[in-house]
Amino acid sequence: MKPNRATVLTFAEKCKNILASNWQGHLNTIKADAKGSKNDIYTSKVKYILRKGKPYIWVPEKELHNVNMIIDERGSFSVTTPYPGPLASLLRSIKKLPARVALTGDVVPHKDEKSATESLREIIFSEQNAIREFSYTVSGVLSSSNIHDTSRTENLKTLLEADEEYVIYKFNPRSCVFIDGNGSTHEVDFEDMSSSKVDRLAPLSAKIIDGINQSEARRRALMLFCLTYLNANAKDAYMLSIDRKGFNVLGKVSTPVSKEGPSYQWKEYRFALKEEARDVETFCRQLVEMEEEAIKHVSSCSGLG
């Protein structure tokens, strides 16, 4: 099951999905003083929503960004693919970076703050409503996830409920770069970005990934996937990322025996879905079907089937 162009997303699609799956990123603006812009950069983590393909950013009133952007509107915005719960600890331990998007452009005040706030309310309501109507299969996958770390809704709600005042900005990008987990950079054409659609499962990808990684049974299933579909004997496994065409898994596999004895390394594996997942329901249904298929395969090979 080696990845090919038909089973992986384009860089533009990956960028769109990352922006849609997260709710916070790092905003960088040029420090300013009474004489104008300096070359120093001020960075802080801010929350945002994606609207018509552009980030709308909520910056606390007390943030230095508000002063900087009066003098110089230029800025950059970096967003990583979500890596919740145990996945974050694993990535740190093996010194692997999550894939991320880096945008450069202009950060301009959004004059119609009321419409942006309404869009925020609509996103929260829509996601809450979708979660309530999910089937037993989807609920079973999501039930293990940590709501505070993975829920876009819960994190965005703080923008409406907090006592803190915010200034809303629209980020008008001029360039976009996709940076993969190995640190390689890939420039993305804006025409490709404009024509690319966001996966419908992207906004809930953090909850799905964490729901799988927090479940011992589902992580054992990922190990069976490595064995059944790729003939890789993984001693442990975590879900790394998901999209409508498939998912990526980090598997702990043995390396050639050395004088020091057996050793292991974490390798990334790509699994393609039999059909594109048009929504969360389709993805979770196919995941469960793959689990059942892998169990049957292992049982038959061991003579237990």
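## Charges over rings

Let's start with Arg51: its charged end sits over the ring of Tyr56, 5.3 Å from the ring centre. A charge counts as sitting over a ring if NZ of Lys or CZ of Arg is within 6 Å of the ring centre and within 35 degrees of the ring normal. Lys252 gives another case, lying over the face of Tyr264 at 5.6 Å from the ring centre.

A quick word on what you're looking at: this is a predicted model, where local features need pLDDT of at least 70, side-chain atom pairs count only at pLDDT 80 or more, and totals for chains, interfaces and linings use all residues. Residues are numbered from 1 along each chain as its sequence is written, and side-chain values use heavy atoms, with hydrogens and water left out.

## Rings that pair up

A pair of aromatic rings is described by the distance of the centres and the angle of the planes. Rings of Phe, Tyr and Trp (its six-membered ring) pair if their centres lie within 6.5 Å; planes under 30 degrees apart count as stacked, over 60 as edge-to-face and the rest as tilted. Searching the whole structure turns up 10 aromatic pairs. One of them is Tyr48 with Phe77, an edge-to-face pair with 5.3 Å from centre to centre and 90 degrees between the planes. This pair links distant parts of the chain, since Tyr48 is in strand E2 (residues 36-51) and Phe77 is in strand E4 (residues 74-80), 29 residues apart. Helices (H or I, at least four residues) and strands (E, at least two) are DSSP runs, numbered from the N terminus. (Buried means under 20% relative accessible area, exposed over 50%, partly exposed in between, with a 1.4 Å probe and protein chains only.)

Now for Tyr229 and Phe271: their ring centres are 6.4 Å apart and their planes are at 75 degrees, so this pair is edge-to-face. Tyr229 belongs to helix H10 (residues 216-230) and Phe271 to strand E10 (residues 264-272), so the pair ties together parts that are 42 residues apart in sequence. Both Tyr229 and Phe271 are buried. They also belong to a cluster, in which ring pairs link Phe225, Tyr229, Phe247, Phe271 and Phe283.

Strands of a sheet pair through backbone hydrogen bonds, either parallel or antiparallel. Here, an open sheet of three strands runs in the order E8-E9-E10, with antiparallel pairing. Strand E8 (234-243) and E10 are the edge strands, each pairing on one side only. On average, neighbouring strands of this sheet are turned by 25 degrees against each other, direction ignored. (Axes are lines fitted to C-alpha atoms, for helices over the stretch in contact, and angles run from 0 to 180 degrees between N-to-C directions.)

How many bridges join strand E9 to E10? There are nine between strand E9 (residues 246-254) and E10, which run antiparallel. Two strands pair if DSSP finds at least two bridges between them. As an example, Leu250 has Glu268 in E10 as its bridge partner. Helix H10 packs on the sheet, touching E8, E9 and E10, and its direction makes about 95 degrees with that of E8. Contact means heavy atoms within 4.5 Å.

## Two domains

The protein is divided into domain 1 (11-198) and domain 2 (210-302), with bounds from an automatic or database domain assignment. Their centres, taken over C-alpha atoms, are separated by 29 Å. The contact takes 22 residues from domain 1 and 21 residues from domain 2.

## A few buried spots

Asn213 lies in helix H9 (residues 205-213) and counts as buried at 2% relative accessibility. Not counting residues up to four places away in sequence, Asn213 touches Pro86, Leu87, Arg219, Leu222, Tyr238 and Met239.

Ile124 has its place in helix H4 (residues 113-132) and counts as buried at 6% relative accessibility. Leaving out residues up to four places away in sequence, Ile124 touches Thr153, Leu156, Lys157 and Leu160. Helix H1 (residues 11-21) is mostly covered, with nine of its 11 residues buried; among them are Cys15, Ile18 and Leu19.
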